Amino acid sequence: MRKKSILYIVVPCYNEEEVITETTEALKKKLDSLIKKNLISRKSKVMYVNDGSKDNTWEIIKSIHKKEKYFTGISLSRNMGHQNALLSGLMTSLKYADVVISMDADLQDDIDAIDAMLIKYYQGCDIVYGVRSKRKKDTLFKKGTAHLFYRLMKFMGADIIVNHADFRLASKKVLDELSNFQEVNLFLRGIFPLIGYHQDIVYYERKERKAGVSKYPLRKMINFAWNGITSFSIQPIRMILVLGILIFIISIGIIFYSFIRKLTGNTVTGWTFIVCSIWLIAGIQMASIGMIGEYIGKIYQETKRRPRYIISENLLEKKK
């Protein structure tokens, strides 16, 4: 059994001024409850990560930090994207916490599931995933695309947890290992299962957003899915290889067919067939070059070794 640990809850924020006050009240009550239950140390905190918000999110975070002892924050120099913002919070918390839980700022993640996560942590789990038990409130389109995403990721060879976003618990040991993963194109949902150690799941029902609007419109969701696939699988390039072999086999058949037509005297030019074939092959070639280019582009980004985030303000350091 592990000793009572310091918990940090990392919450990435981008333009969350409408909901962050309500989130603070809910998390304050939750920390008080966890301390009374003797599940966490009184040194535990909530760390907000301001991901280059354009509204008053950071000003509100600083105000909360001054009033509430359980709350702190860091601010990134600009909008770095959700995954990089989350990583910056995890890596900063690593200096102070024994265990870290990440969650969204909109209170859709059920904070009551934190109790069960901590119990599993004290039982020996180093990673605990918050997994949605049902998708009743999602639209048919949302359910369909989510199902397609997880099936596609599994097909591509990525070992991800179905219906899990970024609501998870990770021990200090796990975060130490995470710091060794240096890729620029981050897909944390795929990285955590790779780390290993003892892992478990807590099921919860996702709630409605308390205020504001989703920061993940369809375009961002598609980009996120595409980044996950190309960051964690070379299956698309292998599919291009298989497609190329199939086209080569078909072309051999067409050569034999044309040769037989020539021998039998049936040499009427098939204009439509030729034009369609040219356009088909050209389209496949362009798509293949584009896919290969996508991977080359990622290699280019990785070789630059640019920082994945830049922290402009850290309220923990200022307090010192």
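1. Strand E1 (residues 7-13) has seven of its seven residues buried, so the rest of the structure largely encloses it. Buried means under 20% relative accessible area, exposed over 50%, partly exposed in between (1.4 Å probe, protein chains only). Strands (E, at least two residues) and helices (H or I, at least four) are DSSP runs, numbered from the N terminus.

2. This is a predicted model: local features need pLDDT of at least 70, side-chain atom pairs count only at pLDDT 80 or more, and totals for chains, interfaces and linings use all residues. Residues are numbered from 1 along each chain as its sequence is written, and side-chain values use heavy atoms, with hydrogens and water left out.

3. Leu7, Ile9, Val11 and Cys13 point one way from E1. Tyr8, Val10 and Pro12 point the other way. All are buried.

4. E1 runs parallel to strand E4 (residues 99-102), joined by four bridges. Two strands pair if DSSP finds at least two bridges between them. Tyr8 stands opposite Val100 in E4.

5. E1 also pairs with E2 in the parallel sense, over six bridges. Here Tyr8 stands opposite Lys45.

6. Which rings stack? Those of Tyr48 and Phe71, with centres 5.9 Å apart and planes at 25°. Rings of Phe, Tyr and Trp (its six-membered ring) pair if their centres lie within 6.5 Å; planes under 30 degrees apart count as stacked, over 60 as edge-to-face and the rest as tilted. Tyr48 is buried at 0% relative accessibility, and Phe71 is buried at 1%.
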